[in-house]
Amino acid sequence: MKRLKILSLLLVLVIALTACAPEAAPAADTAPDTSEEAPVAAAEESASAEETAPTRTKLVIADMFTPEILDNQQSFMGYALSHGLIGQPLLRYDGDTGVFVPDFVESFSISEDGKTMTLKLPAGYKYSNGDVLDAQALVDTINRYVSISPYSYDYDGMESVTAIDETTVEIVNAIGFNVMNPTFMGSFGAAWNVAVAEAVGDEAFASNPVGSGLYSIKTEWAPGQDLELVRNDNYLTNNPLVENKGPAYMEEVLVRFIADGQTRANELEAGSVDIVYGLPASAISGMESNPDIQVFKVTFPGQISISMNTTKAPFDDMAVRKAVAMAVNRDQLEVALNGSVSAEHAYVNPSMIAYTSEAQEYAKELYPNDTEAAKALLAEAGWEDTDGDGIVEKDGEAFTVVFLVDSGSVPQTDAGPVIQAQLKEIGIDVQIEQHDRGYIREAMNAGDYEIGLYGYIWVDPDILTYRFSEGMSPSQFAPAELGEMLDVAREVPDPEDRVAAYLDVQKYLLDNVPMIPLMSENLYVGARSWVKGITILSPDQLVLNDVTIIEE
Amino acid sequence: MTLLEIKNLHLQFQSDEGLALVLDGINFDIKKGETLGLVGESGCGKSVTGLSVLRLIPTPPGEITEGEIIFEGENLLEKSAKEMQNIRGGRIAMIFQDPMVSLNPVYTIGDQIAEAIDLHQPKGITSTWDGVVEALDSVQIADPESRAHNYPHQFSGGMRQRGMIAMMLSCRPSLLIADEPTTALDVTVQAQVLQVIADLQKELGMAVILITHNLGVVAESCDRVAVMYAGTIAEIADVEKLFENPKHPYTRGLLGAIPRADRDMNDLAIIEGSVPNHVNPPKGCRFHPRCKEAMDICRIEKPTDVDLGEDHIVACHLYG
Amino acid sequence: MLRYITKRLIFSIPIVLGVTLIAFLILYLTPGDPVTNLLGSRATPEARAELSEKLGLDQPVLVQYGRWLGNVLHGDLGTSILTKQPVSEAIGSRLSYTLKLTLTAFLSSVLIGIPVGIFAAAKQNTAADHISMGIAMFFYSMPDFWFGLMLILVFSLTLQWLPVSGAYGPKYLILPALALGLPKIGSIARLMRAETLEVMREEYSLTARAKGISEWLIMFKHVLRNAAIPVMVMLFLALPWLISGAVVIETIFAWPGMGQLMYQAILRKDFPVIQALLLIIAILTVLFNLLGDVVAGLLDPRIRVK
Ligand SMILES: Nc1ncnc2c1ncn2[C@@H]1O[C@H](COP(=O)(O)OP(=O)(O)OP(=O)(O)O)[C@@H](O)[C@H]1O
Ligand code: SF4
Ligand SMILES: [Mg+2]
């Protein structure tokens with residue numbers, strides 16, 4: 001009997017424990033059960049019966065990236081959608097014209113020598129919490145970035161940042177602004193309320209920061225939870241790329257972090273989510289034919305390339321590298337990867353600053369996909385299949401190499417076998433080894449490998465400075481000549497001159513092929529057709545200024 | 001006065017090899033207060049006979065296809081499940097060979113006895129607990145009050161079997177079926193357990209069917225004895241008569257091979273040849289392949305029970 | 001009993017410490033540290049060194065382990081590299097979600113699986129037995145994520161009765177708990193049936209029958225009490241699963257529990273979080289092992305005395 005009592009006690013304890021577990025944080029009334037709210041708004045508007053009348057005021061977004069924190073100045077995370085909704089970039093980049101345009105700032109100008117930038121702020125502007133956002137506040141925020149951000153090297157070369165008057169900030173940078181601008185055009189460089197950060201402490205601010213973006217945090221957020229945002233009524237923009245320069249039309253936004261691609265696709269299909277950031281390639285073909293769903297494709301800047309160790313046999317031989325470049329068939333890759341990647345021939349892709357198709361043409365001409373030519377190049381270098389096993393040999397040694405692939409990257413793991421088969425055709429035997437990204441970076445930077453895939457995402461071609469400098473070059477390729485070209489290109493103030501400078505860099509790289517550009521990753525954004533006015537400037541820039549929901 | 005009468009009982013089991021006719025028309029009876037020994041080689045059907053009486057044959061695979069089991073004037077085969085529950089443990093009790101596994105390990109001995117008492121509410125007991133203590137006391141367990149709180153594993157083998165007897169007899173049944181109650185026990189405690197049964201039998205006036213291999217036990221404890229062979233009863237007689245004047249060739253072989261009566265039948269390959277299987281038993285007399293006196297008719301026709309007088313019954317064509 | 005428990009607890013301390021030390025060594029000695037993962041492709045060697053120093057990763061492994069252990073003994077599990085949250089807070093806020101999900105799945109699979117197993121055993125070899133065991137076998141052999149996808153397809157996308165994912169109220173719990181519970185129902189029902197049949201074949205069940213006890217009472221008093229022992233022990237041994245067993249299902253249903261925390265922590269090498277999770281799982285495993293033994297002892301007097 002006693003035993004039974006103890007047992008039942010245990011049971012009660014277990015039940016009690018579960019009953020005491022805190023309730024689901026988002027209360028039931030905030031459920032993204034959008035269908036219930038719609039009729040109310042619709043009823044109000046029904047009198048005017050206008051077709052363009054918004055029918056809902058709350059937007060639900062499913063994001064593939066779960067931000068670790070929301071303060072972009074402390075965050076390690078690029079491409080966090082939520083950061084961009086809370087923070088307001090100083091500038092935007094207009095990919096169509098290749099120029100920077102204002103967003104938070106009213107206007108900006110760069111001096112003739114390219115070293116001084118003057119930012120003109122809107123007068124009387126406020127953070128979302130009502131705090132003054134004047135020139136001094138912006139100076140504070142830039143200083144905080146330098147002192148606190150893990151990416152403070154974004155502001156390398158900055159000599160001073162000064163509030164000239166209430167609405168004017170002057171920044172002096174010895175290397176110009178090409179390195180700073182990518183930060184200014186995203187939420188990393190946005191104005192984050194330093195006064196609040198100092199008052200509550202950086203740790204508290206990390207999860208619940210204050211900015212001047214389109215939205216602000218509605219209910220206190222904790223990592224791992226979904227994010228509830230409310231419209232920032234203090235918001236104004238000078239962004240020429242949007243029509244609505246005032247506060248957003250949608251009153252509230254719920255950002256749900258859904259790691260699983262199929263689940264995001266399901267939510268969109270079920271209509272319980274309005275916009276999905278990151279649709280899996282497998283779901284796209286079905287959705288493109290669905291009239292209730294619109295699909296946008298955005299290409300990430302940067303690329304995935306084949307990196308070869310130029311200091312070690314067999315890839316120290318340029319002829320061998322060129323043979324590999326000709327053996328690669330990118331169209332095949334695109335198909336095999338379901339359109340989740342786009343073929344890339346040169347080092348600066350169309351989503352990057354200073355892109356030019358001229359580099360792509362140059363590359364295609366230099367390295368057409370030509371197996372026979374590739375074989376001939378190999379033969380020239382002494383690699384020939386003498387024993388008829390399909391693998392080329394040189395001095396009795398078969399051409400067998402280990403090919404490193406990042407186990408955490410789907411495009412890379414998918415592309416591995418495709419490239420393996422393509423290289424097999426010219427007699428190169430590739431052994432794929434999957435490893436953690438950190439392991440691969442370390443091995444490549446140390447020159448302790450033969451060949452593999454290397455991926456990076458960055459919007460400015462200055463990324464090449466890193467890729468081809470001593471100690472950080474996966475291909476172990478950093479000739480002084482190239483270094484000088486990159487240093488020049490980095491500081492060229494005029495956009496057109498910059499394009500030309502990077503064209504030269506790209507040609508130089510293509511001639512030497514330490515890395516073979518392969519593909520860039522695509523982001524698919526899906527939305528219900530009832531969401532109108534979506535603008536996507538880049539994978540991290542979902543612009544909601546003009547968004548309304550009009551259900552039929 | 002006849003307490004139990006088994007008439008023409010047929011029992012079959014559905015097995016992988018086919019239909020096994022495990023009891024092929026057995027007949028015997030037992031009087032009030034009497035002790036009947038049931039002997040025979042392993043597998044001949046002693047246990048299933050006992051289980052049949054209590055209708056504890058697992059069905060399927062077993063099935064009683066024919067016959068009657070008349071207990072105190074009523075055919076048990078016609079009883080409802082509920083009525084059988086009242087009879088089991090109340091009027092007919094059964095104990096098993098291995099006391100190590102026949103008591104539930106997770107309940108105390110007292111609990112298990114109390115369960116039987118609560119179920120059958122025997123007369124003359126003031127309270128369940130008194131009944132428990134009394135029952136343990138009656139099987140000579142010292143300090144029954146505290147021993148009742150023990151679990152089976154805290155008892156020795158002999159004590160467990162006595163506990164089992166206490167439990168089964170706590171409701172004062174009129175028939176006890178004891179299926180090899182001492183086989184699994186140390187030689188030293190066997191006699192003690194048999195004595196306990198004999199004492200209680202006298203006290204309660206109940207009849208006992210004692211299933212055993214041991215002819216010594218039979219000689220000592222039984223009034224009458226039935227010899228079984230391969231699902232049939234070969235011979236039934238008073239103990240003295242059977243030992244002095246066995247009639248059936250099988251019984252004769254048994255006793256001839258065992259000069260001293262205290263030997264266990266299973267110790268010796270008593271009679272040449274092996275026990276027939278029940279799926280394809282020999283035609284006619286099931287014993288004929290091993291019988292030295294077999295005749296032509298034995299291979300064709302099943303012998304019927306022949307009453308030689310004075311309750312000496314034998315099933316053999318020699319006496320037809 | 002109490003002495004036994006104390007003894008077992010004391011003996012388990014070195015086990016837990018050993019597990020954490022091994023985990024620590026594996027984490028730190030395999031190539032690829034948090035810094036590389038965090039800073040991305042533009043990280044200069046200086047930036048990496050600076051962050052390494054800030055995170056204390058530049059110290060020798062054993063020094064780091066010692067420091068970590070010291071902090072743990074003072075009740076400090078450290079701070080997440082990623083979220084800057086105290087690890088205990090990060091785990092706490094998600095643990096309740098995971099427990100809610102796994103306990104619902106666990107309890108309902110116990111409440112369904114055990115009766116089904118008993119029922120099938122009682123009806124052994126009948127059509128009812130074959131059908132229920134056929135279903136159980138199917139549940140048991142399909143992985144939980146398969147159920148997850150199927151349930152979403154049927155109940156969320158086709159019938160539109162239940163939400164696809166999220167955690168905004170009771171109805172959001174149904175599908176993930178089902179997906180997680182169905183395979184468990186299968187395994188529990190099968191185990192319960194097997195154990196019940198085994199006990200039914202024991203001679204003490206025959207004894208109970210010979211006493212005149214009804215089949216119903218035999219099943220519930222004599223058989224189940226014995227059959228429950230190995231089943232209970234198995235269930236207790238499976239309990240640490242409550243913390244870690246739902247990673248895949250949590251991902252499919254966007255359930256904000258430990259799964260995502262664990263996944264992100266491992267993916268992005270958030271060492272303090274990984275260490276804390278391993279520590280907790282090691283402790284729970286030891287505790288529930290012990291608890292399983294204690295429960296077996298409570299149910300089975302033979303074990304208790306030893
Ligand atoms: N549950 C069952 N299923 C199938 N066959 C059975 C079953 N129980 C008994 N039998 C068969 O019935 C026959 C008689 O068995 P029983 O147990 O009565 O023998 P026994 O004379 O008691 O032998 P022992 O001296 O070994 O106890 C045997 O052939 C046995 O295989
Ligand atoms: S009937 Fe025939 S075979 Fe059977 S025992 Fe008698 S003599 Fe032997
Ligand atoms: Mg037997």
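This is a predicted model: local features need pLDDT of at least 70, side-chain atom pairs count only at pLDDT 80 or more; totals for chains, interfaces and linings use all residues.
Two strands are taken to pair if DSSP finds at least two bridges between them. Strand β2 (residues 91-94) of chain A is joined to strand β3 (residues 99-102) of chain A by 4 bridges, and the two run antiparallel. Within this pairing, Y93(A) has F100(A) of β3(A) as its bridge partner. The hairpin has 4 residues between the strands, and here G98(A) adopts a positive phi near 75°.

Strands of a sheet pair through backbone hydrogen bonds, in either a parallel or an antiparallel manner. In chain B, 4 strands make up an open sheet, with the order β2-β1-β4-β5 and antiparallel pairing. The edges are taken by β2 (18-31) and β5 (74-75) of chain B; each has a single partner strand, so one side of each is left without a neighbour in the sheet. For β5(B), 2 bridges provide the link to strand β4 (residues 62-71) of chain B, and this pair runs antiparallel. Here F71(B) is found opposite E74(B) of β5(B).

Two backbone details in the loops also deserve a look. In chain A, the peptide bond leading from A313(A) to P314(A) is cis, its omega being near 0°. P314(A) belongs to the loop between β13 (303-308) and α10 (318-327) of chain A. In chain B, A230(B) has a positive phi, near 45°, although the residue is not a glycine. The loop that holds A230(B) runs between β9 (224-229) and β10 (232-238) of chain B.

Attention now turns to the ligands. Ligand 1 is surrounded by 15 residues, of which the closest are S42(B), G43(B), K46(B), S47(B) and V48(B). Its oxygen atoms meet both backbone and side-chain atoms of chain B. A backbone N or O atom of G45(B) is 3.0 Å from an oxygen atom of ligand 1, and a polar backbone atom of K46(B) lies 2.9 Å from an oxygen atom of the ligand. From S47(B), it is an N or O atom in the side chain that lies 2.7 Å from an oxygen atom of ligand 1.

Around ligand 2 there are 13 residues, and the closest are C285(B), C291(B), C298(B), C316(B) and H317(B). Sorted by class, this shell holds 9 nonpolar, 3 polar and 1 charged residues.

The contact between chains C and A can be described next. The size of an interface is often given as the accessible area lost when the parts come together. For chain C and chain A, the buried area is about 4,600 Å², with 60% of it on carbon and sulfur atoms. Chain C contributes 48 residues to the contact and chain A contributes 58 residues. Between these two chains there is 1 salt bridge, in which the side chains of K269(C) and D436(A) come together at 4.0 Å, N to O. The chains also share 5 residue pairs in polar contact, both residues being at pLDDT 80 or more. On the side of chain C that touches chain A, the elements that give two or more residues are α2 (34-39), α3 (45-54), α5 (87-122), α7 (144-158), α8 (170-200), α12 (247-252), α13 (258-267) and α14 (271-299) of chain C. The most comes from α5(C), with 5 residues. By class, this side of chain C is made up of 23 nonpolar, 14 polar and 11 charged residues.

Over all chains, the count comes to 35 salt bridges. One example joins the side chains of K375(A) and E372(A), at 4.0 Å from N to O. Both residues sit in helix α13 (residues 371-380) of chain A, where K375(A) and E372(A) are 3 residues apart, about one turn of the helix.

Conventions:
Residues are numbered from 1 along each chain as its sequence is written. Chains are lettered from A and ligands numbered from 1 in the order in which they are written. Side-chain values use heavy atoms; hydrogens and water are left out. A residue is near a molecule or strand if one of its heavy atoms lies within 4 Å of it. Ala, Val, Leu, Ile, Met, Phe, Trp, Tyr, Cys and Pro count as nonpolar, Asp, Glu, Lys and Arg as charged, and the others, Gly among them, as polar. Contact means heavy atoms within 4.5 Å. Buried area is the accessible area (1.4 Å probe) that two parts lose on being put together, summed over both. A polar contact is a pair of N or O atoms within 3.5 Å; within protein, one must be able to donate a hydrogen and the other to accept it, and residues adjacent in sequence count only if both atoms are side-chain atoms.
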